[in-house]
Amino acid sequence: MQKNKNAIVFLLNAANKDINNFRQSLPLLHHHYLAKHNCEVICFYEKNFPKEEIEFLTDNSPAPLIFQEVDFKMPNYAKDLLESIPDFVPHPLFPQVPGFPMGYRHMCRFYAGEIFKQELLDDYEYVWRLDTDSFILQAIEGNVFEDMSNANAVYGYINIQHDHPKMVKGLWELAATYFKPSSSSIFTPEAREKHFQRVFYTNFEIYNMKWFKSSGYQDFYNHIDKSAGIYKYRWGDHAIRYLALHGLGAEDKCLFFKDIVYQHGEVYHNRRIVNNF
């Protein structure tokens, strides 16, 4: 595989809603980006993803697809940690609606750090992650990978939001202990209220693979991972990413894609997003 290639990645699961969303998002992605800017599209998929759907996508996708199975397993935690992990984490605001089963938390862990260990991605310079319900609604004027390279960016994003306090329980404190308050301005008591709930909108994000494979990021991710907080509380990859980029002093190397007309699920973005670190 030649060096300096770029890729778009998805993670597929067997839920009918997600399958139908992906069938809608692929043509939009092709029409509004891939038709002018060729790059590889890699589909990681869970073991129970239907083989007939892979055949359908292969035959009907407007762009060639590369498929790679991932086998999600619980890390080898100590017994006491394993016993503290619930089968299901309820939604903090709407307990009557579906919350976060084990599969969702496997996804969080995959995107928080395990994706950067995938051999299939070893020779890619930039990887653009989208979700199955990420819809590109209008033509993207430029080449997002060239934009990243020209800006010498390590991370590209489309929005910053806030997660619920229950979903980041203990995460800021663990990160602050790791980075120490003196090494990053956000890990001080004064900065906590502003930053401890903040997250990147990771259903659209672009990684500089060299940076995310580096020991700086990977050591932090492994420190977070061994706590089992991803499974106990549903610490999301979006929250881990935000703290890592700030703790490692890379917040000025994050590129804000403000002009992309985009929809995730039912949330619509139309050049109205405010970049506010």
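Q: What should I know before reading the values and residue numbers here?
A: The model is predicted, so local features need pLDDT of at least 70 and side-chain atom pairs count only at pLDDT 80 or more, while totals for chains, interfaces and linings use all residues. Residues are numbered from 1 along each chain as its sequence is written, and side-chain values use heavy atoms, with hydrogens and water left out.

Q: How many aromatic pairs turn up in the whole structure?
A: A search finds 32 aromatic pairs, where rings of Phe, Tyr and Trp (its six-membered ring) pair if their centres lie within 6.5 Å, and planes under 30 degrees apart count as stacked, over 60 as edge-to-face and the rest as tilted. Tyr 33 and Trp 128 form an edge-to-face pair, 5.2 Å centre to centre with 90° between the planes.

Q: Where do Tyr 33 and Trp 128 lie?
A: Tyr 33 is in helix H1 (residues 16-34) and Trp 128 in strand E6 (residues 124-130), so the pair ties together parts 95 residues apart in sequence; helices (H or I, at least four residues) and strands (E, at least two) are DSSP runs, numbered from the N terminus.

Q: And is Tyr 33 buried or exposed?
A: Tyr 33 is buried, with a relative accessible area of 1%, and Trp 128 is buried at 0%; buried means under 20% relative accessible area, exposed over 50%, and partly exposed in between (1.4 Å probe, protein chains only).

Q: Switching topic, which rings link into a cluster?
A: Ring pairs link a cluster that includes Phe 116, Tyr 155, Trp 211 and Phe 256.
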